[in-house]
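The structure under discussion is shown below.

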Amino acid sequence: MQSPGDLLTLKNVKKHFPITKGVLMRRRIGTVKAVDGVSLGISQGQTYGLVGESGCGKTTTGKLILLVEKPSEGEILFQGVDILNASREQLRQYRASVSVVFQDPWSSFNPRVRVQSIIAEPLMTHKRLTNMELKAEVKKLLEEVGLHPSQADFYPHEFSGGQRQRIAIARAIALRPKLIVLDEPVSALDVSIRAQVMNLLKVIQKEYGIAYLLIAHNLATVRYMSHRVGVMYLGELVEEADSHDLFTDPLHPYTKALISASLPARPDVGREEIVLAGEIPSPLNLPSGCAFHPRCPLAFDRCSEVVPALREVRLGRKVACHLY
């Protein structure tokens, strides 16, 4: 069921990519389970952080929400509406309500197009505004993200990386969306600029009540930005909890290893060092039972035989592990 406070809900969402071989006589030789049964809820005005190693399915999950990819199975509910079976008008409203900020704004901008047109694009698609109204709205958006209105006539190459990300944010909030997918929004920026952009995102969220799906591998970013966090491993959620609970008392062995590998907030903070054995299994040949068991220092016989279900083990805390 969808929680009353959830803006967006994913129910057992899967995305499997077939692997084929041959040119004329193509045959299927396997399947990559990029996302395999993910269920989560994102609340209005809250940030849901999605973390995990590269290739775990974080970005694919974001693409499914943005409808860039179509799920193999499952449901995506937005304010109670099943988006995968929605009418044309419901889809139009959904696309106006959900936006995205990519990791590298340079690659998502046309270098030959001025900032005025870049930011105005969603407004031109979804609203009927005169040229004067468009220019006024773009200038207002530039001011909101800390840029000068006169910079609307500049080209993307005339801005620094941090400024380009501000332009991307301005474009993302142009239609006052209810949800923004943030795909590694600060990982390509200098450390000195990251805090400024994160603070800008938090101010915008507070002002407009926008929900964020924050896809990131930097745990410090996730801890600072997120209200709730989901940890992914090989296409599955292995733990979900409120941000404070997850970072102060992680339950799943994989979550503990991730936090152990991150830099501490202060050099004098002591903590357990966890070194995982082996490599991430191939998505084409997943191990039986728990996918993490070949690397888990706490694995026992049942872990290699039975897939653990993600279930609530404490109030508001879910974990997929036979230890609980």
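The radius of gyration of the chain is 21 Å, which agrees with the value near 20 Å that a compact globule of 324 residues would have. The coordinates belong to a predicted model. Along its principal axes, the C-alpha trace spans about 70 × 60 × 45 Å. The chain contains ten helices and twelve strands. Of its contacts with a separation of 6 or more, 63% are between residues 24 or more positions apart.

The accessible surface amounts to about 16900 Å², and carbon and sulfur atoms contribute 51% of that area. Of the 324 residues, 45% count as buried.

**Interior**

In soluble globular proteins, nonpolar side chains tend to be buried together. In this model, the largest nonpolar core comprises 56 residues. The residues with the most contacts inside this core are I119, I167, I169, I180, L182, I204 and Y212. Another core, of 27 residues, lies apart from it and includes L7, I65, Y94 and V98.

**Helix 10**

Helix 10 is largely enclosed by the rest of the structure, because seven of its nine residues are buried. These buried positions are P253, Y254, T255, A257, L258, I259 and S260. They pack against helix 8 (219-225), strand 9 (228-233), strand 10 (236-242) and helix 9 (243-248).

**Two individual residues**

| Residue | Relative accessibility | Class |
|---|---|---|
| R164 | 16% | buried |
| L298 | 43% | partly exposed |

R164 is located in helix 6 (residues 161-172). Because its relative accessibility of 16% falls under the 20% limit, R164 counts as buried. Apart from neighbours within four places in sequence, R164 is in contact with P105, W106, F109, P156 and F159.

L298 lies in the loop between helix 10 (253-261) and strand 11 (311-314). Its value of 43% lies between the limits of 20% and 50%, and L298 is therefore classed as partly exposed. Together with F300, L323 and Y324, L298 makes a nonpolar surface patch of about 330 Å².

Technical notes:
Residues are numbered from 1 along each chain as its sequence is written. This is a predicted model: local features need pLDDT of at least 70, side-chain atom pairs count only at pLDDT 80 or more; totals for chains, interfaces and linings use all residues. Side-chain values use heavy atoms; hydrogens and water are left out. Patches are made of residues with over 30% relative accessible area and no salt bridge: like charges are joined within 9 Å, nonpolar side chains (Val, Leu, Ile, Met, Phe, Trp, Tyr) within 5 Å. Accessible areas come from the Shrake-Rupley method with a 1.4 Å probe; for residues, only the protein chains shown count as cover. A salt bridge is a side-chain nitrogen of Lys or Arg within 4 Å of a carboxyl oxygen of Asp or Glu. Helices (H or I, at least four residues) and strands (E, at least two) are DSSP runs, numbered from the N terminus. Buried means under 20% relative accessible area, exposed over 50%, partly exposed in between (1.4 Å probe, protein chains only). A nonpolar core is a set of buried Ala, Val, Leu, Ile, Met, Phe, Trp, Tyr and Cys residues joined through side-chain atoms within 4.5 Å. The radius of gyration is taken over C-alpha atoms; the globule rule is 2.2 Å times the number of residues to the power 0.38. Contact means heavy atoms within 4.5 Å.
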